[in-house]
Amino acid sequence: MTNVILELDSVVKRFGENEVLRGISLSLHRHEVVCLIGASGSGKSTLLRCANLLETIDGGTITLFGQSLGDARIDPNLVRRHIGMVFQSFNLFPHLSVLDNIMLGPIYALKRKRADVHDEALALLDRIGLRERADEFPDRLSGGQQQRVAIVRSLAMQPSLLLLDEVTSALDPTLVGEVLDLLTDLAHHGTTMLIATHEMNFAKDVSHQIAFLEKGVLVEKGTPDQMFNDPTHEATRKFLERSR
Amino acid sequence: MSLDADTELSGEVPRLFGSKRSQLFAGRRGIVASSMSIIVVVVALALILFRAPGAAAFRSYFMNFHDMWISWVGDPKAGISAMRDALFTNIWMFMIAEVLILFFGLSLAWIRFSQSPVLLPFRILATVYSDIMRGIPIILVIAIVGEGLPALQLPFVSKLPLAVYGVVALTLGYSAYVSEVLRAGIYSVPNGQLLAARSLGLTHRSTMRRVILPQAVRTVIPPLLNDFISLQKDTALVSALGAIEIFQAAQISQGALFNGGGLVVASIFFIVLTVPMTRFTDYLMARDRTRRLANS
């Protein structure tokens, strides 16, 4: 039994003439945290969206649990139930309470009983210290609180891996810390994560592997130590210097 | 040009008082101006009503309170149907039509957003339907349905009361408008909501039902109510089929009494019917606006 959960092999994605992913290969093992770094427009977000079939790919293969997502027999809804996704702009459902936001997926996608899900959702809110805000609507919460709710909303589906798309980029600097702390906590508990981020110190602390993307090409991949102290490629060194 | 800020201030102090004219019409002084304009308008209307060449004839035709009362309570001997009975036809017509319109309008909007390849022909049909129905004046739809269905001589559908055909025609016509309003509402929901719901593994159907539509309907409640206000008034068009609703009753009294008081009574009825709805719509829009301002 291999420990590879997600594997990308020479993935190509085009938007019209524009080739955003040019043959990306990457694998993610169980309990592994991989950070994607690179300038805006380098293809990080597109890569994450391809991984849970929000975008279709134009070349290469993506494999989840050894099954190719390009297979016609694949049901995208089943795929997405195993993959949690968190967005830059939170995307909480404004017409539902915090608690209902968290319960929506388990109840309507997994068809689980409301009563069972209810206790789990409260336990998740407890974990992020927002249990007493359960019945409030998302717009009453701060950006950092909303993003933490969005993270536990995806955790409520008990996914095998989490995709995080620049989850702190829309936050006030003072609120970034609480979200990164939660992600660090998840990493320490063995959550498998693929994280697109601009937070270099966070990437350095939390990742097992860091992958540097530039213009749709995976330039270099390595441990944080290799990447930050002894990058092979000039482009990687320059990017990390500028990002300091 | 110097970028030195001091040069700007070194000149004269800028004048902040408005002109004499704007002083009279703006701010607290505006009360004086608005009272004056109200008096002018009222006087002008009164002059038209009492000093126009045909003023006396106009008043006896439209403001004969005795004849207005007769048309309201009816006079079986003179063959005048009571408007106070006829108005219930208008009320039940729009109440039933509203429910049906919501149902069919939502179905049309839903079909046009569906993804299933099986529904492709229905998507095309729904588009064509909405184009055709919005192109035909509603009174023609009423005439075609109201004369067409009886002409078919079918066992049940051809023998219904005239007002029922009116409801069918209003539903056919208004569903097209309402589906467009709902579609606009669906488009107004940010794409991130769809992405978030689908990422949770919800099907297209659940996403629409639990995430997109609840938000879409909230945004379009004011325009939807606007359509329903029009609908309430358009029940009068069913008179074209000869159904005894309030406008038809008014016309009957007009013919029998040689007096237009019934038309005024019918107008008052529609005002009483629609004003609460209009006020409520305005209230909802104002509330929505304050909420959006508070959040931005």
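Predicted model: local features only at pLDDT ≥ 70, side-chain atom pairs only at ≥ 80, totals over all residues.

A: Residues are numbered from 1 along each chain, chains are lettered from A in the order written, and side-chain values use heavy atoms, without hydrogens or water.

Those lining residues number 15, and B:Phe113, B:Gln115, B:Asn191, B:Leu194 and B:His204 lie nearest the pocket's centre. On a 1 Å grid over the protein atoms alone, a pocket is an open set of points where a 1.4 Å probe fits, with protein on both sides within 12 Å along at least five of seven lines; lining residues have an atom within 4 Å of a point. Helices H9 (162-188), H10 (191-199) and H11 (204-234) of chain B each give two or more residues to the lining, and H10(B) supplies the largest share, four residues (helices are DSSP runs of H or I, at least four residues). The pocket's volume is about 350 Å³, meaning the space filled by probe spheres set on grid points joined across faces, edges and corners.

Now for another residue of chain B. B:Arg112 sits in helix H6 (residues 83-113) of chain B. Leaving out residues up to four places away in sequence, B:Arg112 touches B:Arg123, B:Ala126, B:Thr127, B:Ser130, B:Glu180 and B:Arg183 (contact: heavy atoms within 4.5 Å). With B:Glu180, the side chain of B:Arg112 makes a polar contact of 2.9 Å (N or O atoms within 3.5 Å, one able to donate a hydrogen and the other to accept it; sequence neighbours count only if both atoms are side-chain atoms).

Finally, the two chains meet: 21 residues of chain A are in contact with 18 residues of chain B. Seven residue pairs across this interface are in polar contact, both residues at pLDDT 80 or more.
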